[in-house]
Amino acid sequence: SNARIENNLIVENRLLEPGHGGGVQWLLTIGAPGPELIGNTIVDNHAQAGAGVYADGEDAQARITNNLVVAPAGMSAIECGDYADLSAPIVRHNNAVSDVAAFAGLCGPMPADGRHGNRSLMPQFADGSWRLAPGSPGIDAGDGTAAHELVDLDGQARVADGDGDGPALIDIGALEARTPGKPGLD
């Protein structure tokens, strides 16, 4: 389908049997439009491959953008299979973290140098929430043209100046960081 999965917390899911895609998984058939996975926080999901995201099938038109994906030890974060084609989905402006493979299969290896906006840097979360803490990687690091929603998962403005340096840019993940120094938000 051409589903849009945007602004979600996808946390602590476990497959009961070995499998793919502990958080999100798709297998697209020939000619199927691809889904868009945009601005989600996908953390601590468990699967044999692609603990956070596993994309497979004819998915060259699918998009994985502005997602924060943190895999448990020993598991890949974002993995793309080669069933039906050898093209990976469009993977841009994600922060994927894993001790074995942040980006694996046809989606990897992505360099940790920010190519296409992708990175692999451990985030810090604010006060026991899934919101990025000040100074955390992913603040003001997303692609604003990919987002469709005007507010984040908590109903806050989807685009804010989370690092306090002037320009308001979208964050990676489902929640915008609080703007430093703004009354009631820091």
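This is a predicted model: local features need pLDDT of at least 70, side-chain atom pairs count only at pLDDT 80 or more; totals for chains, interfaces and linings use all residues.
**View 1. A parallel sheet of four strands.** Here we're looking at an open sheet whose strands line up in the order β1-β4-β7-β10, with parallel pairing. The edges belong to β1 (4-6) and β10 (90-92): each has a single partner strand, so one side of each goes without a neighbour in the sheet. Neighbouring strands are turned against each other by 5 degrees on average, if you ignore direction. As for what holds such an arrangement together, strands of a sheet pair through backbone hydrogen bonds, either parallel or antiparallel.

Zoom in on the β1 end and you'll find three bridges joining β1 to β4 (residues 36-38), with the two strands running parallel.

View 2. Asn94 sits in the loop between β10 and β11 (95-97). Setting aside neighbours within four places in sequence, the contacts of Asn94 include Ile64, Thr65, Ile78 and Phe103. Gly117, Asn118, Arg119 and Ile172 are also among them.

**View 3. Pro167 in its loop.** Next up is Pro167, found in the loop between β13 (159-160) and β14 (169-170). At 44% relative accessibility, Pro167 is classed as partly exposed, because that value falls between the 20% and 50% cut-offs. Which residues does Pro167 touch, leaving aside its neighbours within four places in sequence? They are Asp140 and Asp161. Take Asp140: the C-alpha atoms of Pro167 and Asp140 are 8.5 Å apart in space, while the residues are 27 apart in sequence.

**View 4. The disulfide of Cys80 and Cys107.** The structure has one disulfide, and Cys80 and Cys107 are the residues it joins, with an S to S distance of 1.7 Å. For the record, a disulfide is a covalent bond between the sulfur atoms of two cysteines. The link between Cys80 and Cys107 is left-handed, at -50 degrees about the S-S bond. Cys80 belongs to strand β9 (residues 78-80), whereas Cys107 is in the loop between β12 (103-105) and β13, so the pair ties together parts 27 residues apart in sequence. Cys80 and Cys107 are both buried.

Methods. Residues are numbered from 1 along each chain as its sequence is written. Side-chain values use heavy atoms; hydrogens and water are left out. Two strands pair if DSSP finds at least two bridges between them. Axes are lines fitted to C-alpha atoms, for helices over the stretch in contact, and angles run from 0 to 180 degrees between N-to-C directions. Contact means heavy atoms within 4.5 Å. Buried means under 20% relative accessible area, exposed over 50%, partly exposed in between (1.4 Å probe, protein chains only). A disulfide is a pair of cysteine sulfur atoms within 2.5 Å.
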